[in-house]
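I opened my notebook to look up a few side chains. Here are my entries, in the order I made them.

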Amino acid sequence: MSAECREPGPGGHSGASGSGACLPRSTSAPWRLPRWRARAAAAVLCYVNLLNYMNWFIVAGMLLDIQNFFQIQDSNAGLLQTVFICCLLLSAPVFGYLGDRHSRKATLSIGILLWSGAGLASSFISPQYSWLFFLSRGVVGIGSASYSTIAPTVLGDLFVRDQRTRVLAIFYIFIPVGSGLGYVLGSAVLQLTGNWRWGFRVMPCLEAVALILLIALVPDPPRGAAEKQEEAVGTPRSSWCEDVRYLGRNWSFVWSTLGVTAIAFVTGALGFWAPKFLFEARVVHGLQPPCLQDPCNSQDSLIFGILTVVTGIIGVVLGAEASRRYKKVNPRAEPLICACSLLTAAPCLYLALVLAPVTLLASYVFLALGELLLSCNWAVVADILLSVVLPRCRGTAEALQITVGHVLGDAGSPYVTGLISGILRAGRPDSYLQSFLSLQQSFLCCTFVIALGGGCFLLTALRLEGDQALARQPGTGTPDSKDAESRALLSGTRVAAEDP
């Protein structure tokens, strides 16, 4: 193996031991980046994340018009999001593998080109080819997978500890902000043009700017550069199967991934169906006439979008700041904050649903509280993953968490919700009231799922310190040694206390 010698230190001694021996390349000088460049890169990645999540939910902001245009029933409309998520989750492991071994910058650029091109092409599909529209949403999901998998690992290699927590908080603010702006953009463009297609034609212009900024300003740092670990440069790579086995034994990663899955299930169902649920609630209250032809009144999409943006910003900031302060006195703060927020969100969402036929104002209040509590988790769960997983496995870990979260979460929740609503509605009289009640009752399963997610984060808290200690152990590849794992578990509290 090639090696390099250190320059002689003071007194003529070479290296720390004075032996003059050549040391492995893995101990080369740490990679550095000017502070302004790291901040500029973080700003660009946040902007692209905004556009990424706008693409996720722009369809929901124009759902009624798209359903009328392509003649899609509720029982099939949820498949639009399911196809998107399924393609995302199938491609996420591929991008995770590429992100751990090849240029992350090139992979991110390819992803942006994929999702922007597919989104633009979908605006030219005629109504008799509705299957092509479903297919285009799948291609958008493939492009989105590259970004959702790789971008957090780049930030993890640019910043560390409290800096990383703050940067991830800002980055994950753009999940609810982008989701909300997706509704807002879709409904606003629809109101201005009277045609839902223009929503998909505006986005590629913004994405072209994002691609230029990404190429110009975002570096591709070595894996583990921020932690200055010896394994960051020049050491042998473990295989993908070894990485997966390591992650399967990392119980903090396993339980937090199941918690993220519960969040994904609920946000997927709410994000897709909530605007239509609120629209039908206003029809039931006599505040809005039914939508029988294009264009439909998009006021509810606009309101829900603004609500998502505001509660998302507040929730992410609150969650990140609470985590940063609380973990100074309790090293298990992050999963405990996630558990408390989810266990409190469950009754809020339940009340928002059951009060909708009685009073819309109370329903909006509890819906806002539920969304705020769900948003508290975004930055915190990302920080949990980055703290318990070795730097060289983070791309694979992000990919597996995305895959599991979407397979068991929002890949099926929009479809399942619409399917249950369709089944309930089939046995009832054909009226807007019954349509609304069917959708309301199909949503109730979300409250139970989110409570289960809170339980998963409580289990994460039990294993967090040991897995964090294991992730800090110096070495190469993934830690396959049982003895190393036992030592890390025993020393977890001590390491956490000594770490500044």
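Is Phe277 buried or exposed? I looked up its relative accessible area: at 5%, Phe277 is buried. Buried stands for under 20% relative accessible area, exposed for over 50%, and partly exposed for what lies in between, with a 1.4 Å probe and protein chains only.

A note on the source: this is a predicted model, where local features need pLDDT of at least 70, side-chain atom pairs count only at pLDDT 80 or more, and totals for chains, interfaces and linings use all residues. Residues are numbered from 1 along each chain as its sequence is written, and side-chain values use heavy atoms, with hydrogens and water left out.

**Entry: aromatic pairs**

I stayed with Phe277 and looked for its ring partner. Phe277 pairs edge-to-face with Phe443, at 5.7 Å centre to centre and 90 degrees between the planes. Rings of Phe, Tyr and Trp (its six-membered ring) pair if their centres lie within 6.5 Å; planes under 30 degrees apart are stacked, over 60 edge-to-face, and the rest tilted. The pair links distant parts of the chain, since Phe277 is in helix H9 (residues 251-284) and Phe443 in helix H16 (residues 432-443), 166 residues apart. Helices here are DSSP runs (H or I, at least four residues), numbered from the N terminus. Phe443 is buried too, at 2% relative accessibility.

I then asked how many aromatic pairs the structure holds. The count is 14. Another of them joins Phe69 and Trp196: the centres are 5.3 Å apart and the planes at 70 degrees, so this pair is edge-to-face. Phe69 lies in helix H2 (residues 63-70), while Trp196 sits in the loop between helix H6 (161-193) and helix H7 (199-217), so the pair ties together parts 127 residues apart in sequence. Trp196 is buried at 3%; Phe69 is partly exposed at 23%.

**Entry: salt bridges**

Side chains of opposite charge can pair when their charged atoms come close. I looked for such pairs and found six salt bridges. The rule is a side-chain nitrogen of Lys or Arg within 4 Å of a carboxyl oxygen of Asp or Glu.

One joins Glu321 and Arg324, with the closest N and O atoms 2.7 Å apart. They are three residues apart in helix H10 (residues 299-326), so about one helical turn separates them. Arg324 is buried at 12%, and Glu321 is partly exposed at 28%.

Which residues bridge to Lys327? Glu334 does, at 3.3 Å between the closest N and O atoms, and Asp383 does, at 3.5 Å. Asp383 is in helix H13 and Lys327 in the loop between H10 and helix H11 (333-355), 56 residues apart. Lys327 is partly exposed at 26%. Glu334 is buried at 3%, and Asp383 is buried at 5%.

**Entry: Ser387**

I ended in helix H13 (residues 378-388), where Ser387 is placed. Ser387 is buried at 18%. Its side chain makes a polar contact with the side chain of Gln468, at 3.2 Å. A polar contact is a pair of N or O atoms within 3.5 Å; within protein, one must be able to donate a hydrogen and the other to accept it, and residues adjacent in sequence count only if both atoms are side-chain atoms. A polar atom of the Ser387 side chain also lies 2.9 Å from the backbone oxygen of Ile384.

Methods: Helix = DSSP H or I, 4+ residues; strand = E, 2+ residues; numbered from the N terminus.
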